[in-house]
Amino acid sequence: MANLELLVSELPKLIQSLKLTIGDSHEIVEQIILINNAQEELRNIQKIIIQELKFGNINNSAIATLTRTNIVASLFIPHIGLVDPVLAAKFGNRESKLSLIDLGKKIDTWIEWGYFLQALAADILSDVQLVNQLNSDSQHVSLPSKFKAIAENLKNNLVFNNSKKLEYQLQKISNSQKELLQLQQKLNYIFNTIKTSHSLLTILLGVSAFCGKSGFTLEWLDDDHELIISSDGKTQELTGILNDCDVFQEQIASLIIEGDTLREEAEKAIKKIEQQSTKKLIVSNKLENTIKIPTPKIAISALFLASALLLLGFCGRQTQNQNPQLETQNLTPEQRAIANFKSAQKLGMEAASLAQNPPHSLQVWQQAETKWDRAIKLLNSIPPQTSVSDRAKNKLTHYQTNYNAISKIVLTEKIAVHNLESAQKLAIEATFFVQNSPHSPITRQQAKEKLKQAINLLEAIPENSSVSPQAKETLPIYKTNYAAIRSR
């Protein structure tokens with residue numbers, strides 16, 4: 001049994017290998033080898049389990065159980081204490097003990113998942129056109145990154161007194177709007193490809209177009225047999241990408257209208273500058289009659305009409321997103337339970353993604369804490385007689401664990417930020433005392449005490465806090481100043 005427990009403790013590492021990153025064909029081949037190796041290790045564990053069960057039957061003992069201490073410890077993200085969402089999904093309910101029979105069934109499931117990934121990898125590598133398209137997508141930035149870059153370009157403070165700069169900004173706005181329309185077409189392609197296609201390979205093309213050079217990894221199938229995908233540090237279900245497409249479509253419509261407004265303002269400013277230049281020329285030539293320059297009406301741009309139609313197209317969908325309570329009022333208890341379960345899953349994925357790759361600022365931790373809290377409330381609202389109640393209870397266990405861990409981190413981060421701010425304030429006060437009364441022993445003593453308090457506060461800041469680097473950078477300065485005052 002000791003050998004079995006040792007092997008089982010390696011399970012999290014093994015099943016982490018059971019994933020497929022879609023990208024370079026050479027990397028796919030290497031991943032197939034890793035999956036094969038993981039499957040072989042799982043088969044070895046399965047053989048030992050069979051032997052253990054036979055031994056238990058000979059002695060007429062109860063079905064052997066294996067404590068999950070080693071397994072559960074490996075499910076947590078290091079230094080945080082959060083359950084990794086993908087690993088948790090692969091292991092299932094976190095009971096205190098796991099029967100060897102159940103563990104054997106789980107191993108069967110993991111091995112089958114490995115076969116699925118190998119078959120999918122073989123299909124990808126055998127399709128030259130698909131491989132070429134994947135390689136092409138990997139040359140472009142991801143759709144979220146592209147949208148962010150365009151949005152930044154549209155953040156223009158128009159220079160109203162300089163016609164040349166205004167013309168440059170006008171061209172920049174026009175280019176950004178063209179890029180937005182192209183991005184809108186790409187979004188439509190991605191959404192329709194993922195939503196309507198019945199071929200997984202075709203669906204992967206849509207995901208590849210969305211993720212671009214960030215790439216993506218097929219992690220697992222959730223309880224509803226929906227793909228869980230990770231990309232650029234974010235883990236979500238396949239439907240999560242469709243939801244992101246909806247959000248980006250709405251934001252693009254808003255940016256196009258914003259761009260039209262900026263264009264109108266820039267065009268009016270240019271005309272105004274031209275009019276002022278003309279008036280100055282008239283005065284310099286000492287003309288008695290003022291020449292009135294007619295101001296033509298600015299025609300409504302085609303882009304404005306397109307963006308208006310786009311807004312009308314998304315009106316119904318936007319209304320639903322703004323008031324989800326109206327959407328669920330007419331649902332049956334079963335439908336409402338399923339909707340709440342899906343929403344809780346989405347919030348859990350978002351919260352887990354936020355918590356990855358720490359340290360983070362206090363604001364990020366608080367966002368993750370809020371999402372876990374909302375997910376827990378949704379799961380608690382699911383009635384026991386509905387079809388998703390059992391799954392809700394299972395998820396509630398590690399959601400609550402994550403929420404408790406996050407709450408502790410938020411509290412620690414608040415204290416760390418408070419310590420840093422207090423230390424900075426004390427150091428400023430100490431400097432003020434020394435500068436205003438450099439020869440006063442009482443003043444120096446007060447300054448020394450304040451610097452000592454500041455040093456103690458900085459040294460109390462934990463290593464894993466987001467403000468720890470700033471504290472480490474400041475601490476030597478405070479210590480040097482304290483030593484200088486003390487030496488006097």
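These legends describe close-up views of a predicted model of one protein chain.

The model is predicted: local features need pLDDT of at least 70, side-chain atom pairs count only at pLDDT 80 or more, and totals for chains, interfaces and linings use all residues. Residues are numbered from 1 along each chain as its sequence is written, and side-chain values use heavy atoms, with hydrogens and water left out.

**View 1**
Helices (H or I, at least four residues) and strands (E, at least two) are DSSP runs, numbered from the N terminus. The chain has 488 residues, and 41% of them are buried. Buried means under 20% relative accessible area, exposed over 50%, and partly exposed in between (1.4 Å probe, protein chains only). The accessible surface comes to about 27300 Å². Carbon and sulfur atoms hold 54% of that surface. Areas come from the Shrake-Rupley method with a 1.4 Å probe; for residues, only the protein chains shown count as cover. Among contacts (heavy atoms within 4.5 Å) with a separation of 6 or more, 72% link residues 24 or more positions apart.

**View 1. An open sheet of four strands, in the order S1-S6-S7-S8.**
The pairing is antiparallel. Two strands pair if DSSP finds at least two bridges between them. Strand S1 (20-22) and strand S8 (234-237) are the edge strands, and each pairs on one side only. From one strand to the next, the twist averages 30 degrees. Strands of a sheet pair through backbone hydrogen bonds, either parallel or antiparallel.

**View 2. Strand S6 (residues 216-221) and its partners S1 and S7.**
S1 and S6 run antiparallel and are joined by three bridges. Ile22 stands opposite Phe216, and Thr21 has Thr217 as its bridge partner. On S7, four antiparallel bridges pair that strand with S6. There Leu218 faces Ile229 as its opposite residue. Five of the six residues of S6 are buried, so S6 is largely enclosed by the rest of the structure.

**View 3. Helix H6 (residues 100-126) across the sheet.**
H6 lies across S1, S6 and strand S7 (227-231). The helix runs at about 145 degrees to S6. Axes are lines fitted to C-alpha atoms, for helices over the stretch in contact, and angles run from 0 to 180 degrees between N-to-C directions.

**View 4. The largest nonpolar core, with 72 residues.**
A nonpolar core is a set of buried Ala, Val, Leu, Ile, Met, Phe, Trp, Tyr and Cys residues joined through side-chain atoms within 4.5 Å. Leu11, Trp110, Ile124, Val207 and Leu218 have the most contacts inside this core. Helix H11 supplies the largest share, 13 residues. Beyond its neighbours within four places in sequence, Val207 touches Ile194, Phe216, Ile229, Leu238 and Ile241. Another core, of 21 residues, lies apart from the largest one and includes Ala337, Ala355, Leu362 and Ile382.

Gln249 lies in helix H11 (residues 238-284). The side chains of Gln249 and Asn188 form a polar contact of 2.6 Å. A polar contact is a pair of N or O atoms within 3.5 Å; within protein, one must be able to donate a hydrogen and the other to accept it, and residues adjacent in sequence count only if both atoms are side-chain atoms. Gln46 sits in helix H3 (residues 25-58). Leaving aside neighbours within four places in sequence, Gln46 is in contact with Gly104, Ile107, Asp108 and Ile111.
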